[in-house]
Amino acid sequence: MTADKSPSPWWSAARRADIKPFLAARSAITRAARAWFDEQGFTEVETAILQVSPGNETHLHAPRVELAGPNGGDVPRYLRTSPEFACKKLLAAGETKIFEFARVFRDRERGRLHLPEFTMLEWYRANAAYDAVMADAVVLIAHAAQATGIGQFTFRGRAADPFAEPELLTVAQAFERFAGIDMLATVVDGEGDRTKLATATGTKVRITTDDTWSDIFSKILVEFVEPNLGQGRLTLLYEYPIPEAALARVASTDPRVAERFEVYACGVELANGFGELTDASEQRRRFTLAMDEKQRRYGERYPLDEDFLAAVACMPEASGVALGFDRLVMLASGATSVDQVVWTPPE
């Protein structure tokens, strides 16, 4: 007879006792983060989960719900993948320094680092360059480690000192160092040249005829670059190529790159930040292209939030960061999976 290897329910007393220290660490980190934001003069906000559009990125998938409309018809809404749209509307309304512990949702994602419902810690500074929020992220991560008393982060055999001076690395430098590819040579007139990148990649990764420039870029990033980031200390990977700009503005120093960065520790992506785009026409263009690709690849598209696009045109210059709070707690508490650091893991 084969023994049942499935874990006990998360609410069983024995299993709860095992993860109780991780949950205590979560509470300590939450308090430390709120105290730091308060010291910096931020206002904590609480924005709506149900949205007209959950976000307009090709590979992000959101649960959809139907609400009963006032005239008896169904009104479609989505569970947000980020509070970004709502927070930027608040910037347009006059808020200058805001943060939110936001419950967000990502369909088709599950694993040791992924939950379908999780907490995103997101913050914005109006009239601030994006290196200011890069510095915020580094300080906040150190405060999390200080709150738990952990000396270093560890994950899957990798270690990083959260108190050490972080490594600053452009995406172009990372591709050259870890994959031997001149990535920026494949960005021409603001677009990714698929043929050039495929040729430069050679046989390093498997490329299919259906792969776009962005697909090839992502494969190289995941297989060659990310495993080498956040080794021994945090890595700030910045100046993403313009085809991967998302909601970031073009860098003034090089039109081939955007003011976008990500923070890594132990090969784990912790945060994603932008010098925010305030050109509504350009944002609409990017969203439309992303939704066209989503339609081609997945057979669906999300509506554009016209209210958000109108707010973008009224926004002040700003920078913002989205930090995966559960992942930060996992590393700062010594847990090995995000399931261990949430109060009610998915059934």
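This is a predicted model: local features need pLDDT of at least 70, side-chain atom pairs count only at pLDDT 80 or more; totals for chains, interfaces and linings use all residues.
Residues are numbered from 1 along each chain as its sequence is written. Local features need pLDDT of at least 70 and side-chain atom pairs pLDDT 80 or more, while totals for chains, interfaces and linings use all residues, and side-chain values use heavy atoms, with hydrogens and water left out.

**Two buried residues**

Helices (H or I, at least four residues) and strands (E, at least two) are DSSP runs numbered from the N terminus. Buried means under 20% relative accessible area, exposed over 50%, and partly exposed in between, with a 1.4 Å probe and protein chains only.

| Residue | Element | Relative accessible area |
|---|---|---|
| Arg260 | strand 14 (residues 257-265) | 12% |
| Ala86 | helix 2 (residues 84-92) | 14% |

Contact means heavy atoms within 4.5 Å. Leaving aside neighbours within four places in sequence, Arg260 is in contact with Tyr130, Leu237, Tyr238, Glu239, Tyr240, Glu244, Ala245, Ala246, Ala248, Asn272, Gly273 and Phe274. Arg260 also lies over the face of Tyr240, at 4.6 Å from the ring centre; a charge sits over a ring if NZ of Lys or CZ of Arg is within 6 Å of the ring centre and within 35 degrees of the ring normal.

Ala86, not counting residues up to four places away in sequence, touches Thr47 and Gln51. Between Ala86 and Ser27 there are 59 residues in sequence and 26 Å in space, C-alpha to C-alpha.

**The cavity**

A cavity is a set of points on a 1 Å grid over the protein atoms alone where a 1.4 Å probe fits but cannot get out; lining residues have an atom within 4 Å of a point. Grid points are joined across faces, edges and corners, and a volume is the space filled by probe spheres set on the points. By this rule there is one cavity of 30 Å³ or more, and the largest cavity has a volume of about 30 Å³. Its lining consists of Ile29, Ala33, Leu121, Leu140, His143, Ala144, Phe325 and Leu328. Two or more lining residues come from each of helix 1 (13-39), helix 3 (130-148) and helix 9 (325-333), and helix 3 gives the most, with three residues.

**Aromatic pairs**

Rings of Phe, Tyr and Trp (its six-membered ring) pair if their centres lie within 6.5 Å; planes under 30 degrees apart count as stacked, over 60 as edge-to-face and the rest as tilted. The count comes to 15 aromatic pairs. One of them, Phe99 with Phe101, is edge-to-face, at 6.1 Å centre to centre and 80° between the planes. Both Phe99 and Phe101 are buried. Ring pairs link Trp36, Phe37, Phe42, Phe99, Phe101, Trp123 and Phe325 into a cluster.

Methods
On a 1 Å grid over the protein atoms alone, a cavity is a set of points where a 1.4 Å probe fits but cannot get out, and a pocket is an open set with protein on both sides within 12 Å along at least five of seven lines; lining residues have an atom within 4 Å of a point.
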